[in-house]
Amino acid sequence: MSGSGSEESQPSQEAEDRQQEAEQDWAAAKAFYDNLVTKRPRPPKPQNAITVAVSSRALFNLVEEQRIYEEQGLEKYVEYQQNNENVTLKPGPAFYFVKALEHVNGRLLELYPDDEERFDIVLMTNNHAQVGVRLINSINHYGLTIERFCMTGGESPIGYLTAYLTNLYLSANSEKVQEAIEAGIASATMFTASKDVSYSDTQLRVAFDGDAVIFSDESEQIVKEQGLDRFFEHEQLHENKPLAQGPLKGFLEDLGKLQKKFYAKNERLNCPIRTYLVTARSAASSGARVLKTLRSWGLEIDEALFLAGAPKGPILVKIRPHIFFDDQMFHIEGAQKLGTIAAHVPYGVAQKYRKST
Ligand SMILES: [Mg+2]
């Protein structure tokens, strides 16, 4: 992962041809759909969209169904889903986040009716196609706009995630998330929430941890290997050297890009997206490098909270984010206990060490 882009090589003739062919396909598809009259907004082209792929177990609560699958096997599971086709599924951990993304889309379409730069939600599921009807019924029940489904039948989703130029992938399956992270796709594992709390329905709130989430884990390695004092020293010494980017930097950047579209229409005070950095770093001793790194990337974060090692759960209760990303299970569990929807980013040195700072 590198932010410079200097490693990009000249595209080959073959790649150029493929690109041209793909452009022609999109133009043909667009021409076809332009002749059809519909009140629904058409899903945007992946190149323009911020594609968020969610699994069915992230979008809906399928705990009971998963139990049937594990205890009684695929046939019984499919039969159960078909018999309950008209029973609406309950919201899962990514549900309110997806709802908030769609609220942002609505606001964008009001301001920019002809623009395709908005979120596109893709359902990425390894479910049997027969289960699709229940998923579609539930999606329609809640009025969600999810037109793209990938039913992978148990195959790895990586190829589809790449084909859709996925900007964020959320799944309840930690192995698939790990695989996606290794393929360079921003992803996180979601867990069923222990409490049902209410979330803002007019503002999407996204909270990020810093090290090993927005930033690389280079400084975290020093904490783990050489202790906190050496880490403070190191961060002060390298205050002016930007940190390398972490797996979720791109998604923060995507959110920033959309925020600017609201600012351009004089909607800064009424912006439906708010971002938060919630880090265990201390402001005075290790905060400057983080803020200077964000500045060097040209990224604004709305609120930066330096907790100096204090637990993250209580502050997250005040923020009420639709999603909070962290690389350490320790922080995820703490946040979840107090009712925050937390998503685990399996990246960096913390995966080797359990439960530490
Ligand atoms: Mg971290």
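What radius of gyration does the protein have, and what would a compact globule with 357 residues have?

Modeller: Happy to! Please keep in mind that this is a predicted model. With 357 residues, a compact globule would have a radius of gyration near 21 Å, and the protein has 21 Å, so the two agree. Its C-alpha trace spans about 60 × 50 × 45 Å along the principal axes, and the secondary structure comes to 14 helices and 12 strands.

Now for the part you asked about. The protein is divided into domain 1 (46-190) and domain 2 (204-351), and their C-alpha centres lie 25 Å apart. Where they touch, domain 1 brings 23 residues and domain 2 brings 20 residues. On the side of domain 1 that touches domain 2, at least two residues each come from helix 5, strand 6 (166-171), helix 8 (174-182) and strand 7 (187-190). Helix 5 supplies the largest share of that side, 9 residues. Sorted by class, this side of domain 1 has 17 nonpolar, 5 polar and 1 charged residues.

The largest nonpolar core belongs in this picture too: it has 73 residues, and Val-54 and Phe-324 have the most contacts inside it. Helix 5 (residues 95-111) turns up again here, giving the most to this core with 8 residues. Both domain 1 and domain 2 give residues to the core, so it lies between them. For one example, look at Phe-324: leaving out residues up to four places away in sequence, its contacts include Ala-207, Val-278 and Leu-316.

Methods: Residues numbered from 1 in each chain as written. Predicted model: local features only at pLDDT ≥ 70, side-chain atom pairs only at ≥ 80, totals over all residues. Core = buried A, V, L, I, M, F, W, Y, C linked by C-beta atoms within 7 Å. Buried ≥ 20, exposed ≤ 12 C-beta atoms within 10 Å, placed from the backbone. Helix = DSSP H or I, 4+ residues; strand = E, 2+ residues; numbered from the N terminus. Domains from an automatic or database assignment. Contact = placed C-beta atoms within 7 Å. Rg over C-alpha atoms; globule rule 2.2 N^0.38 Å. Nonpolar A, V, L, I, M, F, W, Y, C, P; charged D, E, K, R; others polar.
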